[in-house]
Amino acid sequence: MYKLATNLHIEKKGEDKFLKQPRTNQGVRIGEHLRALLPKILGEELPSTKEEVLRTHLMGYELLERGIVVPKETVDQTSYFNDLSPLKLVEQGFFNCKPSRVDKLKPEQKICFLGVPYDSGASKPGCRFGPAMLRDVSRAYGFRGSLFSLETRNEVDISEFSADLGDLFLERSSLDEHLGSLEKVYQGIPKGVIPFMVGGDHSFTLPALAGLCKDKAEDVTLVQFDSHLDLQVWGKFKNGIPLNLDQPLHSNFVSHLHSRIPKLKSIQLGIRHYQSIPAGKAKDVADYLNVIGTQITDQQCNSWSIEDLLDKLPKGERVYLTIDVDVLKSSDMGNTGYPNPTGISFDRLLTMARYVLKHNQVIGIDIMEFGQSSRRDEQRRECELITTLMVGLLEGMER
Ligand SMILES: [Mn+2]
């Protein structure tokens, strides 16, 4: 038996009204079905037919999952909802680190991993498998028990200073609601712990960074390695920025970030030299790119000296680092929605990303858009490439 949760809101969307649970960020439309079945779910009326008994059970279960109703015997709803986290714990974390809930993170855990297995927004799906595959390969990375860096002659025990929050629960809701859930998760991560997200659709970088920037007046720099700008370079422009933004997607989330965090600066690296824009919009797009920050193309990343590239990177700033794996050359990285044949090399990516981590105060990291291949050997090779990238970034972050 169930009772209604005590903290529900009623939300209006157009003609429709929704019963909304802020703790799970999920809701249900208030319609004919709900009106008819809710009294039966709450035990105020008896279902009259066998079919109605079944529907009452199914809907009751659905409402329980969304947090609209709670078990009748629940005394303390606050602690009940603390347990109903939008993150599903995994048995063993990335690089064999311990699983943890957000509110149980300890200060010695400098890094917390989390997976976002979502790809419904992509035209070529597959990256919903990324987090699980990478977690799997990362566990076998130090198969003798620990990792040894040949360069520093030291052990790199990632599990000692990190925890794994599990995967975001991504069913029964829209992308909009999932983005909202992740933002709440990020708002709850204690200061000093650096979240390391593995995706999944790149649009989840939006709630991650927005959730970390509680104070919108603080300076922050987005360092984005990507073959795409992920900016809205279509539609109408006014004073150098888009007049109206489409809903957040992997193709425009950086535009949303800049509209939500006014002091955000961006440096985008490895972007494809030629971009597709609507005809006649070159001036608008060029003005917009100047407002956003700096862009360095894939060809510049490949042809400039490494010193010149490092010189362009931020120093002494608060930085969020996001890596879309399609920044890599497609001969190395084919398992992503939009592989780039003119992409950059693994070595350049790692050198630049490590420089960013070393010379700035990093507040969050993510590696997104890694997907699935039909070829096992290729899959394995690319999983190893990304886990090596992860180790490369984490080495030196222990302190
Ligand atoms: Mn991207």
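Helix α5 (residues 175-187) and helix α6 (residues 205-212) pack with their axes 8 Å apart, at an angle of about 35°. Here axes are lines fitted to C-alpha atoms, for helices over the stretch in contact, and angles run from 0 to 180 degrees between N-to-C directions. Helices (H or I, at least four residues) and strands (E, at least two) are DSSP runs, numbered from the N terminus. The crossing of α5 and α6 is right-handed; a crossing has this hand if the near helix is turned clockwise from the far one by less than a right angle, and is left-handed if anticlockwise. On the α5 side, Leu179, Gly180, Leu182, Glu183, Tyr186 and Gln187 take part, and they meet Leu206, Pro207, Ala208, Ala210, Gly211 and Leu212 of α6. Contact requires that the C-beta atoms of two residues, placed from the backbone, lie within 7 Å. By residue class, the contact of α5 with α6 divides into eight nonpolar, three polar and one charged. In this division Ala, Val, Leu, Ile, Met, Phe, Trp, Tyr, Cys and Pro count as nonpolar, Asp, Glu, Lys and Arg as charged, and the others, Gly among them, as polar.

The model is predicted: local features need pLDDT of at least 70, side-chain atom pairs count only at pLDDT 80 or more, and totals for chains, interfaces and linings use all residues. Residues are numbered from 1 along each chain as its sequence is written.

The loop between β12 and α6 contains Gly200. The peptide bond that leads from Gly199 to Gly200 is cis, with omega near 10°. Most peptide bonds are trans, and most residues other than glycine have a negative phi.

Strand β12 (residues 194-199) pairs with β8 in the parallel sense over six bridges, where pairing requires that DSSP finds at least two bridges between two strands. Within this pairing, Ile194 of β12 stands opposite Ile111. β12 also pairs with strand β19 (residues 361-368), again in the parallel sense, over three bridges, and Phe196 stands opposite Ile365 in β19. Six of the six residues of β12 are buried, a residue being buried if 20 or more other C-beta atoms lie within 10 Å of its own, exposed if 12 or fewer, and partly exposed in between, with C-beta atoms placed from the backbone. Ile194, Phe196 and Val198 cover one side of β12, and Pro195, Met197 and Gly199 the other.

Strand β8 (residues 111-116) has six of six residues buried, so this strand is largely enclosed by the rest of the structure. In a regular strand the side chains alternate between the two faces of the sheet. In β8, Ile111, Phe113 and Gly115 point one way and Cys112, Leu114 and Val116 the other way.

Two residues other than glycine have a backbone feature to note. Phe95, in the loop between β6 (87-88) and β7 (98-99), has a positive phi near 50°. Phe95 counts as buried because 25 C-beta neighbours lie inside 10 Å. Asn239, in the loop between β14 (237-238) and β15 (241-242), likewise has a positive phi near 50°. Asn239 is exposed, because 8 other C-beta atoms lie within 10 Å.

An open sheet is formed by three strands in the order β2-β3-β4, with antiparallel pairing. β2 (9-13) and β4 (26-29) stand at its edges with a single partner strand each, so one side of each is left without a neighbour in the sheet. From one strand to the next, the twist averages 35°. Strand β3 (residues 16-21) is joined to β4 by four bridges, and the two run antiparallel; Gln21 stands opposite Gln26 in β4.

At the level of the whole chain, there is a division into domain 1 (2-80) and domain 2 (87-394), with bounds that come from an automatic or database domain assignment. Four residues from domain 1 and six residues from domain 2 make the contact. On the side of domain 1 that touches domain 2, the residues divide into no nonpolar, two polar and two charged. The C-alpha centres of domain 1 and domain 2 lie 37 Å apart.
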